[in-house]
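Here's a quick tour for anyone meeting this structure for the first time. Have a look at it, then read on.

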Amino acid sequence: MSTFTTELSDTSRTSSVSSLALLLTVYKIHHILYKSVAYSAVTNGNVREELFKDHHSCGFGKWYYSIGKEIFGNSETYRKIESHHKAIHEFVNENLQCVKENGCALKGGKNGIIERFEKAEEHS
C-alpha cells in the first residue's frame, strides 16, 4: 500500500506541474496575441482604447497578483517575472499611445516604434 500511496503522490505532483506549465503557456499565448494585435493596430493606425492593458489587468497579471502570488510569492524566480511583464506592457502601450495621439514623430518615429517593440520582445 505504501508504494501505491507514493506513486499517487508522484502522479499528483506531476499533474500539478503539468497544469501550471499549461496555464503559463496559455498566458504566454495571450501575450503573443496581445502583441500581435498591437502590431497590427500600430501598423494600420487604428488604436482602440480596449487595446491598452497594463501588467495588472491582463489575464496573466490577474493571476500573477492573486493566485500566483499566494502560491509562488516567496519564490525569487516568481518575483523576477514582474519587471519583465511590466516592461512588455509599457513598451507596447507606449507605441499604442503615440499612434493614438499622432505623436510618434516626437518619440523617435518609425525607428522608435520598432525599438520599443523589439524591447517588448526581449522581455517576453
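## The big picture

First things first: this is a predicted model. The protein chain has 5 helices and 0 strands, so if you read along the sequence you get the pattern α-α-α-α-α.

How much of the chain is buried? Of the 124 residues in the protein chain, 30% are buried.

Now for the aromatic side chains. The chain has 8 aromatic pairs. One of them is Tyr27 with Phe60: the ring centres sit 5.8 Å apart and the planes are at 70°. Planes over 60 degrees apart count as edge-to-face, so that is the label this pair gets.

Where do the two partners sit? Tyr27 is in helix 1, which covers residues 2–44, while Phe60 is in helix 2, residues 59–64. The two are 33 residues apart in sequence, so their pairing ties together separate parts of the chain. And are they buried or exposed? The cut-off for buried is under 20% relative accessible area. Tyr27 comes in at 15%, so it counts as buried, and Phe60, at 9%, is buried too.

Tyr27 has another ring partner, Trp63. This pair is tilted, with 6.4 Å from centre to centre and 35° between the planes. It also links distant parts of the chain, with Tyr27 in helix 1 and Trp63 in helix 2, 36 residues apart. Both Tyr27 and Trp63 are buried.

## A whole cluster

Which residues do the ring pairs bring together? They link Tyr27, Phe60, Trp63, Tyr64, Tyr65, Phe72 and Tyr78 into a cluster. So Tyr27 of helix 1 belongs to a cluster that also holds Phe60 and Trp63, its two partners from helix 2.

Ile29, Ile32 and Leu33 make a nonpolar surface patch of about 280 Å², and Leu33 lies in helix 1.

Notes: Residues are numbered from 1 along each chain as its sequence is written. This is a predicted model: local features need pLDDT of at least 70, side-chain atom pairs count only at pLDDT 80 or more; totals for chains, interfaces and linings use all residues. Side-chain values use heavy atoms; hydrogens and water are left out. Helices (H or I, at least four residues) and strands (E, at least two) are DSSP runs, numbered from the N terminus. Buried means under 20% relative accessible area, exposed over 50%, partly exposed in between (1.4 Å probe, protein chains only). Rings of Phe, Tyr and Trp (its six-membered ring) pair if their centres lie within 6.5 Å; planes under 30 degrees apart count as stacked, over 60 as edge-to-face and the rest as tilted. Patches are made of residues with over 30% relative accessible area and no salt bridge: like charges are joined within 9 Å, nonpolar side chains (Val, Leu, Ile, Met, Phe, Trp, Tyr) within 5 Å. Accessible areas come from the Shrake-Rupley method with a 1.4 Å probe; for residues, only the protein chains shown count as cover. A salt bridge is a side-chain nitrogen of Lys or Arg within 4 Å of a carboxyl oxygen of Asp or Glu.
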